[in-house]
Amino acid sequence: MKEYHTEIAIAGGGLAGRTLANLLCRSGVRCIVINTGRAGAHAVAATVPRALAITPASANILASINIWQRLPGNRIGKFSQMHVWDENSGGEIRFDSAGICEPVLGYIIEQGLLQQCLDEACTYLPDCTVVNGCSIAVISKHTDGTLLQLDNGDRIKAQLLVAADGADSPVRRLAGFDYAKHEYQQQAVTCVVSTSLPHANVARQRFLRSGPLAFLPMADPQRCGIIWSTGPIHASELLSMPEPDFCVRLQQAFEHRLGEITACGKRSGFVLFRAEAPVYVSERIVLAGDAAHSVHPLAGQGANMGLLDVAVLAEVIVEAKQKGRNIFSRQVLRRYERWRKGDNHRMLILLDTLKLLFETDNSLLTNMRGFGLNTVNSIPWIKSRIMQQAMGLEGDLPASARSPMYAETIS
């Protein structure tokens with residue numbers, strides 16, 4: 001049996017947890033990452049054919065911990081334009097980063113690649129310890145810290161525990177946090193496909209009656225990451241059908257906008273829901289990322305919300321430590337909650353509203369939806385505001401997400 005002592009224990013070795021560890025340890029805060037996977041997290045992520053949409057603000061955060069610079073440039077997809085259109089109303093809207101004098105609207109990165117870079121970085125951090133292949137069995141709070149009993153018999157004494165262990169967070173359940181959850185009765189089908197026509201660095205999304213279908217442009221000009229949200233029966237059919245049949249079905253649903261789908265990688269599916277914890281903090285325990293909130297993937301904001309969570313949390317903790325304050329005090333942790341909870345709740349409501357609006361069969365609302373899309377498409381200043389918000393470069397941002405890093409390292 002081993003016993004560890006640390007300042008911050010982070011449950012979860014995924015994108016949010018490893019990013020938080022890098023942010024904290026680079027500022028002199030000692031961390032232990034409890035990775036529940038049997039293998040390295042990147043080995044698990046590599047088996048999931050999923051492309052992540054990364055905003056410039058999130059790229060800034062990753063650049064601030066030298067992760068962005070580690071990513072092979074020839075594997076980072078960039079999109080400078082976005083085209084959204086509606087099956088029912090015929091309305092459409094187009095966005096172009098040139099309209100706001102920015103080089104890109106966002107990036108598309110393989111989840112497994114990004115996870116691998118984060119995993120590798122953690123091995124070189126002097127104040128970071130990673131415990132693999134175990135989970136937290138018991139949480140005991142004491143006046144001088146939180147004692148974590150792991151299922152392998154090891155123990156960890158920490159000043160603060162951060163739950164960054166996903167939407168099904170075991171730590172959140174152990175700690176007694178509520179998590180209001182609403183099932184969408186949808187599943188997302190994801191994969192990476194090859195197309196006969198190049199994507200030209202345009203992100204495309206078609207709203208179908210059953211849900212949105214997105215083609216995310218990857219670094220290869222003729223490869224896209226796919227996220228197709230649909231009903232569970234249809235999703236099961238899409239996941240089980242032979243590859244040639246799936247490719248035909250996909251190109252039909254996408255109106256052949258990129259020609260033929262010439263190849264399809266491994267398909268994966270996951271259930272869609274929205275969820276939110278009413279509070280993010282309790283005594284010596286904090287929720288971050290999907291452990292605190294889950295949203296529909298129609299705008300690709302889930303990972304970005306989690307990265308902003310941990311960037312804010314790290315900034316609050318480091319600032320408190322530098323000022324000689326207790327990093328686990330409720331006053332310190334409430335600052336993080338106030339900073340992030342409002343923005344996360346607004347994003348959840350916005351995405352939920354968009355989903356409902358685009359899936360309604362009401363003819364009046366359908367016509368209004370098409371009119372609205374076409375109207376917004378004709379008003380440049382409204383499109384500019386939408387683009388700035390979607391890029392994550394507006395609002396009350398943590399220092400690591402602000403634009404100076406963007407200009408220096410990501411052009």
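Reader: A crossing is left-handed if the near helix is turned anticlockwise from the far one by less than a right angle, and right-handed if clockwise. Which way does α1 pass α4?

Author: One caution before that. This is a predicted model, where local features need pLDDT of at least 70 and side-chain atom pairs pLDDT 80 or more, while totals for chains, interfaces and linings use all residues. Numbering runs from 1 along each chain as its sequence is written, and side-chain values use heavy atoms, with hydrogens and water left out. Now the pair: α1 passes α4 in a left-handed crossing. Their axes are 10 Å apart, at an angle of about 35°. Axes are lines fitted to C-alpha atoms, for helices over the stretch in contact, and angles run from 0 to 180 degrees between N-to-C directions.

Reader: Which residues make the contact?

Author: From α1, Leu15, Arg18, Thr19, Ala21 and Asn22. From α4, Leu114, Gln115, Leu118, Asp119, Ala121 and Cys122. Contact means heavy atoms within 4.5 Å.

Reader: How do they divide by class: nonpolar, polar, charged?

Author: Six are nonpolar, three polar and two charged. Nonpolar covers Ala, Val, Leu, Ile, Met, Phe, Trp, Tyr, Cys and Pro; charged covers Asp, Glu, Lys and Arg; the others, Gly among them, are polar.

Reader: Stay on Gln115. Where is it found, and is it buried or exposed?

Author: Gln115 sits in α4, residues 111-122. Gln115 is buried, at 5% relative accessible area. Buried means under 20%, exposed over 50%, and partly exposed in between (1.4 Å probe, protein chains only).

Reader: What does its side chain reach?

Author: The backbone nitrogen of Leu15, at 3.2 Å. For a polar contact, a pair of N or O atoms lies within 3.5 Å; within protein, one must be able to donate a hydrogen and the other to accept it, and residues adjacent in sequence count only if both atoms are side-chain atoms.

Reader: And α1 itself? How many of its residues are buried?

Author: Eleven of its eleven, over residues 15-25. Among the buried ones are Gly17, Arg18, Asn22 and Cys25. Helices (H or I, at least four residues) and strands (E, at least two) are DSSP runs, numbered from the N terminus.

Reader: At what angle do α1 and α8 pack?

Author: About 30°, with the axes 9 Å apart. The two helices are therefore roughly parallel. Under 35 degrees counts as roughly parallel, over 145 as roughly antiparallel, 65 to 115 as roughly perpendicular and the rest as oblique. The crossing of α1 over α8 is right-handed.

Reader: Which residues meet there?

Author: On α1, Leu15, Ala16, Thr19, Leu20, Leu23 and Leu24. On α8, Ala303, Leu307, Val310, Ala311, Leu313, Ala314, Ile317 and Val318. This contact has 13 nonpolar residues, one polar and no charged.

Reader: Next, α8 and α9. What angle?

Author: About 165°, axes 9 Å apart, for residues 302-322 and 330-359. The two are therefore roughly antiparallel. α8 passes α9 in a right-handed crossing. The α8 side of the contact includes Met305, Leu308, Asp309 and Glu315, and the α9 side includes Arg335, Tyr336, Trp339 and Arg340. By class, that contact has ten nonpolar, one polar and five charged residues.

Reader: What does Ser400 touch?

Author: Asn60, Ile61, Ser64, Ala311 and Glu315, not counting residues up to four places away in sequence. Ser400 is in the loop between α11 (380-391) and α12 (403-409). Ser400 counts as buried, at 14%.

Reader: Is Ala200 buried or exposed? And Arg284?

Author: Ala200 is exposed, at 52%. Arg284 is buried, at 3%.

Reader: Last one. What does Leu174 touch?

Author: Ile136, Ala137 and Ile139, not counting residues up to four places away in sequence. Leu174 lies in α5, residues 170-175, and is partly exposed at 42%. The C-alpha atoms of Leu174 and Ile139 are 7.2 Å apart.
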